[in-house]
Protein chains: 2
Amino acid sequence: MAQLDAFLHLQLDAFEPEIRGMADYCVDTTGKRIRPALVFLSGWRGEGTISPDLVRVAAVVELVHLATLVHDDIMDEAEMRRSRRTAAREFGSAAAVLLGDALFSHALNLATSFPTTEVCQAVSESTRKVCAGEIIQTLRRGSTNITLSDYRRIIDLKTAELFRVSCFLGSRIGGFSDRFVQQASQFGRHLGIAYQIYDDLADFFGNEKQIGKTLGTDLASGKITLPLLILMERLPPAQRTELVEEILGRRPHQLGERVRQMNELRIFEAVADAVRAELRSAEAVLSDFSDTTPTPLLLRLCEALRHQMAALPAVGSS
Amino acid sequence: MAQLDAFLHLQLDAFEPEIRGMADYCVDTTGKRIRPALVFLSGWRGEGTISPDLVRVAAVVELVHLATLVHDDIMDEAEMRRSRRTAAREFGSAAAVLLGDALFSHALNLATSFPTTEVCQAVSESTRKVCAGEIIQTLRRGSTNITLSDYRRIIDLKTAELFRVSCFLGSRIGGFSDRFVQQASQFGRHLGIAYQIYDDLADFFGNEKQIGKTLGTDLASGKITLPLLILMERLPPAQRTELVEEILGRRPHQLGERVRQMNELRIFEAVADAVRAELRSAEAVLSDFSDTTPTPLLLRLCEALRHQMAALPAVGSS
């Protein structure tokens, strides 16, 4: 990861001087580097096998992710990201639009440094899907007739696709069999869906300090995620209408009250079940490959997400 | 060009259904298709030689251009583009940010359909430069200590770069010699600079109906272009201070008065001279290639721009 960070910052030298500082800021702002980790683990052939190609592909995927964060924060009018001001707040949203573009195009430029067009093709296709997912989510914002399958389609595009391509490219560059590459890709997709559902849960039940951003932003911006979907389903009609009004922005948001209702109706458990089901699907697609080097490492990520979820303050929080 | 339009619309089938309509809208909104024309003319080997590869590369370049327009219009808070509402107005600026991203990534995805990474590499590098130019312009907005060389650097990045790469890729795919490819690229760059200076002139002296957008937007948004730069230089100190205040947004903009002063101080002629000088440079770089098939066609573009400029209402307009 240190190698990746050094490489990422080195990449920024390609930017015009005025923009380098801004790009640097974004690279610093990120945090967990989950997607690069997926690249490394999927391509892992044992100690000392993180090739420069894997580092490069990890940087490509992370730069695409950073670009989408910069653009997301503009739309969400988010103030904070990983406990720092967002690029949109720091540089203004006009500059942030373009900064995101510059990060995107640099990522794709870096992708062309591979001998074939495969990396660039996979990354640009994924990027388009990520944007499509975000657009659909944005268009649906403040609309309350979203179904579970709409929700899944959106998170499949906006989150799972980049997880999928990280595993695809990692295992591909790691030189694994086509069959493993295919299964690792599916693993990434399931993990991505699980991760996004977890993230949506944390928006209601997390700890602000720990996750580094304001809670309740999904409710405040009229974004319907799984906890809200299930809450709507379980509330009695009168209270349900109130919640709909709130999502439509016709009543002030009452985060505390909503979390209280979620506790009462055991929403945390229902959402956590969905995360666990998705993690089981992720584990299942690798069941034929328990002897392949990356498999135990990838499975550990599922474990880690289970622990992270267990650590959320859950029912006791409000 | 009809072939290109058909191809562009066909490309949009790759988009998710929700986004197709939005993308279609943008493709329709565009107009002059100057960059595709540069690709075709630079790659021209005679009647019937517009290969599918040239059409594809023209589409890539045009999609990148469309994406930058979508993002520019967000930042400029522009209402109209080619006599229609901008995508930002039509779909909201949040969706427009992402729509631009989706167009970008689709353009780069299309660029990966060539056998080597060359097209993708050239296009992603150019895209990064175009964004850099736009960022620098945005950061400088409302600042009045811009020099002529700052102005040239900005337009070189934001406009000339994509003209350059259009000629580069066109002549390359057309199979011309490395030396011609290099000169054609330089031609594109000079033509791009000339075109942008002309466009900045038209923002003060154009005819709204003819150019399909509101005049005076550069002044209104505090963007200092060549006509304003020269005007600042030539105004007596007191009036100059007034103009600076206006650019800083501390006084209301007085477009009519500014155009009157420009007429008085012969700014139109000075800017037109700059355009003509750049066109001469463009013509000069092709002087060793007068027998190469694309040369007379490319030179005709210089002539066309001279005529377009001569048709501006110039001094008589205010």
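This is a predicted model: local features need pLDDT of at least 70, side-chain atom pairs count only at pLDDT 80 or more; totals for chains, interfaces and linings use all residues.
Colleague: How do you know that the copies meet through the same surface?

Modeller: Compare the two sets of interface residues. Of those in chain B, 100% are also interface residues in chain A, so the copies meet through the same surface. The contact takes 34 residues from chain A and 34 residues from chain B.

Colleague: Which elements of chain B give two or more residues to the side that touches chain A?

Modeller: They are helices H2 (17-29), H4 (52-76), H6 (93-111) and H7 (118-140) of chain B. H7(B) gives the most, with 13 residues. By type, the residues on this side of chain B divide into 18 nonpolar, 10 polar and six charged.

Colleague: How confident is the predictor, and what are the scores?

Modeller: Chain A averages a pLDDT of 90. In that chain, 97% of the residues score at least 70. For the model, ipTM is 0.87 and pTM is 0.90.

Colleague: Turn to H7 of chain A. How do you know that its span agrees with a helix of 23 residues?

Modeller: At 1.5 Å a residue, helix H7 (residues 118-140) of chain A should span 33 Å. Its end C-alpha atoms are 33 Å apart, so the two values agree.

Colleague: Why is H7(A) called mostly covered?

Modeller: Count its residues: 18 of the 23 are buried. A residue needs 20 or more other C-beta atoms within 10 Å to be buried. A:Ile136 is in helix H7 of chain A. A:Ile136 has 21 C-beta neighbours inside 10 Å, so it counts as buried.

Colleague: What is A:Ile136 in contact with, beyond its neighbours within four places in sequence?

Modeller: A:Ile136 is in contact with A:Ile154, B:Glu16 and B:Glu18. As for A:Arg153, 17 residues apart from A:Ile136 along the chain, the C-alpha separation is 9.4 Å.

Colleague: What makes the phi of A:Arg33 worth a look?

Modeller: Most residues other than glycine have a negative phi. A:Arg33 is a residue other than glycine, yet its phi is positive, near 50 degrees. A:Arg33 lies in the loop between helix H2 (17-29) and helix H3 (34-42) of chain A. In chain B, the phi of B:Arg33 is also positive, near 50 degrees. B:Arg33 lies in the loop between H2 and helix H3 (34-42) of chain B.

Colleague: Why is A:Arg33 called partly exposed?

Modeller: Buried takes 20 or more other C-beta atoms within 10 Å, and exposed takes 12 or fewer. A:Arg33 has 18, so it is partly exposed. B:Arg33 has 18 C-beta neighbours inside 10 Å, so it counts as partly exposed.

Colleague: On to H15 of chain B. How does its reach compare with the expected span?

Modeller: Helix H15 (residues 267-285) of chain B has 19 residues. From first C-alpha to last it reaches 28 Å, close to the 27 Å expected at 1.5 Å a residue.

Colleague: How do you know that the buried residues of H15(B) lie on the same side?

Modeller: The buried residues are B:Ile267, B:Phe268, B:Val271, B:Ala272, B:Ala274, B:Val275, B:Glu278, B:Leu279 and B:Ala282. They cover an arc of only 150 degrees around the axis, which puts them on the same side of H15(B). On the other side, B:Asp273 and B:Arg280 are exposed.

Colleague: What covers the buried residues of H15(B)?

Modeller: The cover includes helices H9 (178-205), H12 (226-234), H14 (255-264) and H16 (294-310) of chain B.

Colleague: What makes A:His190 buried?

Modeller: The cut-off is 20 or more other C-beta atoms within 10 Å. A:His190 has 23, so it is buried. A:His190 is in helix H9 (residues 178-205) of chain A. Leaving aside its neighbours within four places in sequence, A:His190 is in contact with A:Glu278, A:Ser281, A:Ala282 and A:Val285.

How values were computed:
Residues are numbered from 1 along each chain as its sequence is written. Chains are lettered from A and ligands numbered from 1 in the order in which they are written. Two residues are in contact if their C-beta atoms, placed from the backbone, lie within 7 Å. Helices (H or I, at least four residues) and strands (E, at least two) are DSSP runs, numbered from the N terminus. Ala, Val, Leu, Ile, Met, Phe, Trp, Tyr, Cys and Pro count as nonpolar, Asp, Glu, Lys and Arg as charged, and the others, Gly among them, as polar. The expected span of a helix is 1.5 Å times one less than its number of residues. pLDDT is the predictor's confidence in each residue, from 0 to 100. The arc is that of the directions from the helix axis to the C-beta atoms.
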